[in-house]
Amino acid sequence: MKVRSEYWLVLNYLGYFCAYGVFVPLIPVWLQAQSYSDENIALLLAFAYVFRFLGGIFFSSRIKDTAYLPTMLRHLALGSAIVILAMGLSALHWHSFILIFILFGLFSVLNGAGMPLQDSLASIWNQQIGLDYGRVRLTGSLGFVIGVVCFGGLINYLGNDAIIWVLGSLLILYTLVQLPVPTVLPKSTQVQTENSKISYRDLLRESNTLRLLIAVSLIQGSHGAYYAYSTIYWVSQGISIQTTSWLWGISVTAEVALFFFASRLFKNWNITALFVLSISAAIIRWLCFPLMTGFVELALLQTFHALTYAVAHFATVRYISAQPDTHIAKLQALYNGLSSCIAVALLTALSGVLYTYAASYAFWGMAIIVALALLFLPKSLPRIEQIAR
């Protein structure tokens, strides 16, 4: 059976992020239900980001022929499903932190490789068949909302022990929707390596680039406490899993809305001003986070995700797009690796230590961390409208 390549990728993004929408906010709750300590949960989640980074690098380097990308994605999806189900079985029969650490790390390696490979496939099809990346990628955000809201509601009915089985079922479904063959397989392209000899060290010697990467890493890393402990904290305050799912859905919906309108909203802003906006919003968000328990005020605070995450991401991507073509791939790798993996891993671990003393300390600590980003901001960066698309 064959399906149009665009539809195949839409189903891929939708299935991946639907499962991810259950994993990110609810796997800490499942670990807590298995009686793991806050410190152990923080350790697992922190190392997960490192393993996701390593998985992306390893499996991306295994692709010698881009026509194999859809097959690789199927294998990674199946492997992820098997490992998650093994985690569920291990919880039933053995209570071993070492075993759960190994399985959690293996899942992170396999599942983490999916994101860069999806985007690689989308980029290739953008060139070869004119695929609209923006519209296709938005289905991933939609999938995340479906996962966190709809299946979060199901888990609220079934109980926290069902989290792992719901996640495993979604990953099996994700594997099945990839079984049809895309009508157009991606074709290999010859990479002009002779035009891209600049090293990572050379890129980091550029003052604006180094300062911007440090700043965005502190901003994105400050979300570590939110990713790891927001659901656990809300549940401890008497908020149901279903309600926490709605809160996560609100944050992602706000993020999608901002990405959709960002070019129009911020065309007269310079990149430094966008970072100041993001940092200021993050300070307010993390300071207020442990003080609010009502749904309306929490929902309003969740819309800040558009400012704390999406604005910083938008500004960074626009900065990278203004650099010479031969620098972009390595700059994107530095950005993703430092901010989304290493910084989040380190600050998730730190938030775990702070959370054991008091939940508020974890979030207030992130407010201090993100405020430090102001010290590293480059002072003169171009306006959005001056950056060629």
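Helix α11 covers residues 241-265, and its 25 residues reach 34 Å from first to last C-alpha, close to the 36 Å expected at 1.5 Å a residue; the expected span is 1.5 Å times one less than the number of residues. Helices here are DSSP runs of H or I with at least four residues, numbered from the N terminus. The model is a predicted one, in which local features need pLDDT of at least 70 and side-chain atom pairs pLDDT 80 or more, while totals for chains, interfaces and linings use all residues. Residues are numbered from 1 along each chain as its sequence is written, and side-chain values use heavy atoms, without hydrogens and water.

A kink of about 40° in α11 is centred on Phe 259, the bend being the angle between axes fitted to the seven residues ending at a residue and the seven starting there. Buried positions of α11 include Trp 248, Glu 255 and Leu 258, where buried means under 20% relative accessible area, exposed over 50% and partly exposed in between (1.4 Å probe, protein chains only).

As for the cysteines, the whole structure contains 0 disulfides (cysteine sulfur pairs within 2.5 Å). The sulfur of Cys 150 lies 7.7 Å from its closest cysteine sulfur, in Cys 18, and is therefore too far for a bond.

Key:
Helix = DSSP H or I, 4+ residues; strand = E, 2+ residues; numbered from the N terminus.
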